[in-house]
Amino acid sequence: MISIAPGISYYPGYWNAAEQAALVAELRVVLKLAPLFTPTMPKTGKPFSVRMTNCGMLGWVSDREGYRYQEHHPLTGEPWPSIPLMVREAWEKIADYPHDPEACLINYYGPQAKMGLHQDRDEQDFEAPIVSFSLGDTAIFRIGGTERGGKTTSLKLHSGDALVFGGPARLVYHGIDRILAGTSTLLGREGRVNLTLRRVNKP
Ligand code: SIN
Ligand code: FE2
């Protein structure tokens with residue numbers, strides 16, 4: 001584990017190759033039940049460049065009505081599938097938080113996708129950290145401080161890496177500058193999958 005700043009822990013190669021393949025197999029089942037959808041920006045309705053879905057009791061969605069957590073997939077109306085066991089176990093190991101995650105956002109980045117700098121602040125409970133896992137192509141991740149417009153640094157997130165931000169870093173700005181297409185063969189196609197685990201409600 002590498003401590004990048006107070007509250008930010010980076011685990012390069014958290015999952016080995018066999019574990020990454022097992023996780024991809026689990027995610028294929030999740031994606032069958034809860035297909036990727038294209039979220040849109042609040043108010044403008046402009047589509048995100050990432051596609052997303054969720055697993056867990058709650059899922060994060062965005063559309064013209066705004067950002068929120070909800071219990072159902074916006075297109076199928078079905079409850080989200082459960083979070084794969086290996087992912088819940090990884091949260092138990094590295095979140096340093098005594099309650100289960102409620103939401104696991106699954107982002108799929110094609111080669112051209114990116115995500116602007118933002119804070120994760122739609123949760124009621126900022127005591128729990130954000131735990132994120134990367135699979136597939138390498139991403140240039142950008143991370144700053146808790147104020148918009150502050151200094152930022154970039155970090156390459158590779159397939160199998162985990163990143164935890166909590167405590168004083170729970171509300172840091174972060175985003176994805178770009179995907180380095182073709183840097184991994186894990187997914188059998190270009191692109192990157194990111195899993196972001198969150199506790200939404202106070203326990
Ligand atoms: C996110 O902030 O929702 C995703 C970050 C990432 O893709 O690593
Ligand atoms: Fe985020």
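A polar contact here is a pair of N or O atoms within 3.5 Å; inside the protein one atom must be able to donate a hydrogen and the other to accept it, and sequence neighbours count only if both atoms are side-chain atoms. This is a predicted model, with local features kept at pLDDT of at least 70, side-chain atom pairs at pLDDT 80 or more, and totals for chains, interfaces and linings using all residues. Residues are numbered from 1 along each chain as written, chains are lettered from A and ligands numbered from 1 in written order, and side-chain values use heavy atoms, leaving out hydrogens and water.

**View 1. Polar contacts to ligand 1.** H118 puts a polar side-chain atom 3.0 Å from an oxygen atom of ligand 1. H174 does likewise, also at 3.0 Å from a ligand 1 oxygen. For N194, a side-chain N or O atom sits 3.3 Å from an oxygen of ligand 1. On its own ligand 1 exposes 260 Å², and the protein buries 97% of that (Shrake-Rupley areas, 1.4 Å probe).

**View 2. The shell around ligand 1.** Around the ligand are N107, Y109, M115, H118, F141, H174, I176, R192, N194 and R198 (a heavy atom within 4 Å). By class that's 4 nonpolar, 4 polar and 2 charged (Ala, Val, Leu, Ile, Met, Phe, Trp, Tyr, Cys and Pro are nonpolar; Asp, Glu, Lys and Arg charged; the others, Gly among them, polar). Top contributor is β13, with 3 residues (strands are DSSP E runs of at least two residues, helices H or I runs of at least four, numbered from the N terminus).

**View 3. The largest pocket.** Ligand 1 takes up the space of this pocket (more than half of its atoms lie within 2 Å of the grid points). A pocket is an open set of points on a 1 Å grid over protein atoms alone, fitting a 1.4 Å probe, with protein on both sides within 12 Å along at least five of seven lines; lining residues have an atom within 4 Å of a point. The volume is about 710 Å³ (space filled by probe spheres on the points, which are joined across faces, edges and corners). Of 37 lining residues, F48, W60, M115, G116 and H118 come closest to the centre. The lining splits into 18 nonpolar, 10 polar and 9 charged.

**View 4. The second largest pocket.** Here we have about 220 Å³. Its lining includes V24, L27, I106, Y108 and R189. Helix α1 (17-33) gives the most, with 4 residues. The class count is 9 nonpolar, no polar and 2 charged.
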